[in-house]
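Me: Please take a close look at the aromatic rings in this model. Which rings pair, and where do charges sit over them?

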Amino acid sequence: MSSSTNTNDNNQYYVLSRNGIQLPWNVIHEKYKDTISNNKNNSNSSLDASTLLQLLPRGAYTTCRTIKNGSYIYQFDYHMDRLVVSSRSILENIIVSGSGGEEEEDTNKVVLDIDWERELLISCSAQQKLEYIRSTIDEFRARNNMIEGRDFRITLLATWEKKDDETKCQDNEEEDERPQSSNLHSFQSVLYCHVGYLPQSSSNSTIPTTQSSSSIGEEQKKKHIQVLIHGHGRQNALAKDSKWVLDRKQLITPNGYEEIILLNDSNELLEGTQTNFYVVTNTSTVITANEGILFGSVRDSVLRVCDLHDIQVELRPPTLEDLRYASGVFITSTSRLVMPVHEVVLGDLQSSSLDTDDDVDQKKKDRLLTSYCYPNCATTEDIRKWVLEDVETHSTSIYN
């Protein structure tokens, strides 16, 4: 991989590559300096993956993690398949409609032909993507003089840029650069790879050995994990669309909460802004939505270990009634893996319930619970341990 020659480029926390070639941060800052300067959460010396996804061209993205000190990628094949599925969904439902992503009625939808599919969806093989990831990690290690092992969070963005435009970030012309049905043949697929450290604050930031697994569980118990029910689910749940990163900014997680849990139109619980959501009944049945959500890689592990250990699963969105009688609640994500939730604050769900109940007087409303607490759930703990084992057996070596 080519290294940056900019001596003032002092970012040591992230490395970004485009088709395996490092993009110097000064180029990115120059291209997007106005947007970056308006983002108070990020300095001009660092851009995290969430910010980059808002700046770079819209596309399909996925976030994966390494294990074993950055030498294996968990669920690599799953993430590669999701990139293809999400890319296809975005192209078919938004871009090739001719709207270029605007909210217009799709009256002349174009079906991808085999040439476009080869060019825009599968032009970069999984093995090539792995090589891009490996070279980006190697650059990150070199820039940080890494000696001791750390695990990484890897964000991949599969998007589309005009052909023969190898310096996209240096092009400041204000022309329409979005693929549409009339100009798809002038575009090519591009893969951005963003590498940073996996947050150590994550409950499962490293995959423990059998001896240390119990200590991870103890750390989780010490931290009181709260989630808030607020807002509605994404429009296109089947595609991991980078547009969602911008949309979810409207759902800023308040301080003190680990995550926001989204509702559907029937006030059923779907998922978090970055997590999948589960309720465990008092009979140890796991309930989780199967429609209107993005299927996460850790969710795939949860369903697999539940099947292996004869834990019944109901694939439907949990309800307020389920929360009332649950023995446990947990969320899953790439960095968290399985995180027990100790308190669910009802938020929008409580407000909606009160608004539709005309027979509840004010005093009774004041006495109603605003949250439900789940101090300990043996089933959740079992699933957490089983998923840790599953991570070990469903990972791909980066260097072999």
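Reply:
**Aromatic rings and their partners**

The charged end of Arg150 sits over the ring of Tyr197, 3.9 Å from the ring centre. A charge counts as over a ring if NZ of Lys or CZ of Arg is within 6 Å of the ring centre and within 35 degrees of the ring normal. Lys68 lies over the face of Tyr72, 4.7 Å from the ring centre.

This is a predicted model: local features need pLDDT of at least 70, side-chain atom pairs count only at pLDDT 80 or more, and totals for chains, interfaces and linings use all residues. Residues are numbered from 1 along each chain as its sequence is written, and side-chain values use heavy atoms, with hydrogens and water left out.

Now the ring pairs. Rings of Phe, Tyr and Trp (its six-membered ring) pair if their centres lie within 6.5 Å; planes under 30 degrees apart are stacked, over 60 edge-to-face, the rest tilted. The count is 4 aromatic pairs. Phe152 and Tyr197 are stacked, at 6.3 Å centre to centre with 20° between the planes. Phe152 lies in strand β5 (residues 152-162) and Tyr197 in strand β6 (residues 187-197), so this pair ties together parts 45 residues apart in sequence. Strands (E, at least two residues) are DSSP runs, numbered from the N terminus. Phe152 is buried, at 0% relative accessible area. Tyr197 is partly exposed, at 24%. Buried means under 20%, exposed over 50%, partly exposed in between (1.4 Å probe, protein chains only).

Tyr278 and Phe330 also stack: 4.4 Å centre to centre, 10° between the planes. Tyr278 is in strand β10 (residues 276-281) and Phe330 in strand β13 (residues 326-333), 52 residues apart. Both are buried.

Ring pairs also link Phe140, Phe152 and Tyr197 into a cluster.

Conventions: Helices (H or I, at least four residues) and strands (E, at least two) are DSSP runs, numbered from the N terminus.
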